[in-house]
Amino acid sequence: MDIQLTKQQLAKINDIRKDFYRYAKNNLYIKNKAAQIVPFEPNIAQRALIDYVLWCIKHGKPVRVIILKARQMGLSTAEEAIIYWWTATNKNITSVIIGHEDKSAKNLYMMFRRYYDNSNPLFKPSVKYNTKTDLTFERYDENGNQVGLGSIIKTATAKNSSAGRSDTIQLLHASEVGEWENGEDLVASIMQTVPDLPGTMIFLESTAKGRGNYFHKEWKAAEKKKNNFTPFFFPWWLMPGYEIYDDEPLGKLSEYEEFLVATMRKGYDTYFGDHYEVREEEIPARLKFYRRKAKDFASEPAKMFQEYPSVAKEAFIASGGNVFDVLALEKLETEAKEIEVTPHYDILVGETYGDFSIVPVPYNSNLPEDVIVDGNGKLKIFREPIYSHEYAIGADVAEGLASGDFSVAEVIDTSTMETVARWRGHCDPDEFGEILGALGTYYNHALIGVEVNNHGLTTVQKLRDTYYTNLYKREKNYDHDFEEPTANLGWKTDQRTKRLAIDDLKTIIREGHNRDPDKVFIDEAFAYVRDERGRTNAEEGEHDDTVMAKAIAFQLFDWGDNDTSSLVVHKPTEAARNKRKHSVVKR
């Protein structure tokens, strides 16, 4: 039966249709965890996502969002609410929702059916087709003229490789992309059907499912602003209801729980700068929830990080066999400097030995990619050289191609074990030798150890040609059972020496001996993993140049003799002095 409305009533209905939150209050109902049908009232995470989408609509920008989340935070519910609202209030919209399996696709479809079935009759569009997978808003009069919306919502699974490819799609939701076996090809193909126009939306959403898959690659690219997606991470502790209130005392906190407390106190910043903090009185209840939930993953503790991440990197680390201690890296990250405030420099080398200058370079995000990764200048200086201190430089040499690996020089203060400078960029191996000579001279004629497996031989020869004398020599005990130094210059990486260097670096990172404020190293360390054969390397698509340069640097001196109890500045040990003396090469 048609409802007769006045002009004022029609105007009010149209106003509500355009206002998502007013529309949701009148029309959108969900099934809560108690299996009750209740009005949709967005939580903090849902509201943060919805507000961003509404901002994009208001400013005529296509919505391109990638979402990394903890379990059961209701993000799919919010995405389907947005899609249903837009499809049910606009003409000729095609919306496609793809789940990773049949069950998830069915659950997503039931959200739409629930929204439609419980909608206020004044806002319920006429339906032509209502199948097990599609909901079509369409109606024609007796003359065949379209009088309905002509919009449709389709659901499919990622196992159906043809899902959505034949349509022009305005709204796309790819759910649990981390579990898609053919994610890279399927998503790339479907995204081509979504025009880059205002009013179009693409949501890629998932919990983490390991490293190296399409979702992980796309997330990393979004973080680095290398694709068109805006990244949204929602930690578990942002979710109301993730707490346990009882009379049991909390007791002593573990080191990781102390990190959680600090993270919750730091709070969550939304895209538009709104700040959310867990109230102090809620923190014990959240910790109790986390403890109880962790018992569900007692046989596979890594999955707790994957399903209930506290920070974004944690979600991927635990599921990827990370080599370095997660908590130690997270602590380093909290102390890291933002790229904009890190001093950057270029080393300009003259034609004669010792003729060089170090020139400050201002931050400029428009520079080429290989420079942006490091800021703008390829040299970062965290601490200027101190006259009485000794330094060691580990050097990982790349071929020099702009699209390949980076050459890296890691400068370590041998008494404090902190990273005081890093050069990272692309150049020919012989040019890198000149840069190393200048950097070593600047840091009190530092001991330089160059990896000589491939192009490093050219780098070492350039150092010798330019009369740099404090070069590391391999010792016979790397190949034999003697301590006598040989004439073999540089660090040679083989199966044994790599294991030694990485194991030592694991200890140094875990115990907090090395302070490094550079996010480039921290990102590489997070992405440094152990494969199924026990080999350690950067995961697919990532670099490990700074990791290897640091590992080499710590092999150049007897860091184990240092007093690491307080990490205060003190004089180098006698053993370190002696080793340096034996490592000097005179031309």
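First, the ground rules. This is a predicted model, where local features need pLDDT of at least 70, side-chain atom pairs count only at pLDDT 80 or more, and totals for chains, interfaces and linings use all residues. Residues are numbered from 1 along each chain as its sequence is written, and side-chain values use heavy atoms, with hydrogens and water left out.

The chain has 19 helices and 23 strands. Those are DSSP runs, numbered from the N terminus: H or I of at least four residues for helices, E of at least two for strands. Of the 587 residues, 52% count as buried. Buried is under 20% relative accessible area, exposed is over 50%, and partly exposed is in between, with a 1.4 Å probe and protein chains only. Now contacts, meaning heavy atoms within 4.5 Å. Among those between residues at least 6 apart in sequence, 68% join residues at least 24 apart.

Next, the second largest pocket. Its volume is about 1300 Å³. On a 1 Å grid over the protein atoms alone, a pocket is an open set of points where a 1.4 Å probe fits, with protein on both sides within 12 Å along at least five of seven lines; lining residues have an atom within 4 Å of a point. The volume is the space filled by probe spheres set on the points, which are joined across faces, edges and corners. This pocket is lined by 38 residues, and Lys31, Gln72, Gly74, Thr77 and Met111 lie nearest its centre. The elements giving two or more residues are strand S1 (29-31), helix H4 (75-89) and helix H5 (102-117). Which element gives the largest share of the lining? That is H5, with 8 residues.

At 54% relative accessible area, Gln72 is exposed. Its phi is near 55 degrees, a positive value in a residue other than glycine. Most residues other than glycine have a negative phi. Asn92, in the loop between H4 and S4, also has a positive phi, about 60 degrees.

Buried or exposed? Lys69 is buried, at 7% relative accessible area. Its side chain makes a polar contact of 3.2 Å with that of Glu176. That term means a pair of N or O atoms within 3.5 Å; within protein, one must be able to donate a hydrogen and the other to accept it, and residues adjacent in sequence count only if both atoms are side-chain atoms. Beyond four places in sequence, Lys69 also touches Glu205 and Phe234, among others.

On to helix H6 (residues 183-191). Its buried residues are Gly183, Leu186, Val187, Ile190 and Met191. They lie on the same side of H6, because they cover an arc of only 125 degrees around the axis. The arc is taken from the directions from the helix axis to the C-beta atoms. Strand S4 (94-99) is one of the elements covering them. S4 holds Ser95, which counts as buried at 0%.

Last stop: Leu436, in helix H14 (residues 429-442). Leu436 is buried, at 0%. Its C-alpha is 8.2 Å from that of Ala395, 41 residues apart along the chain. Questions, please.
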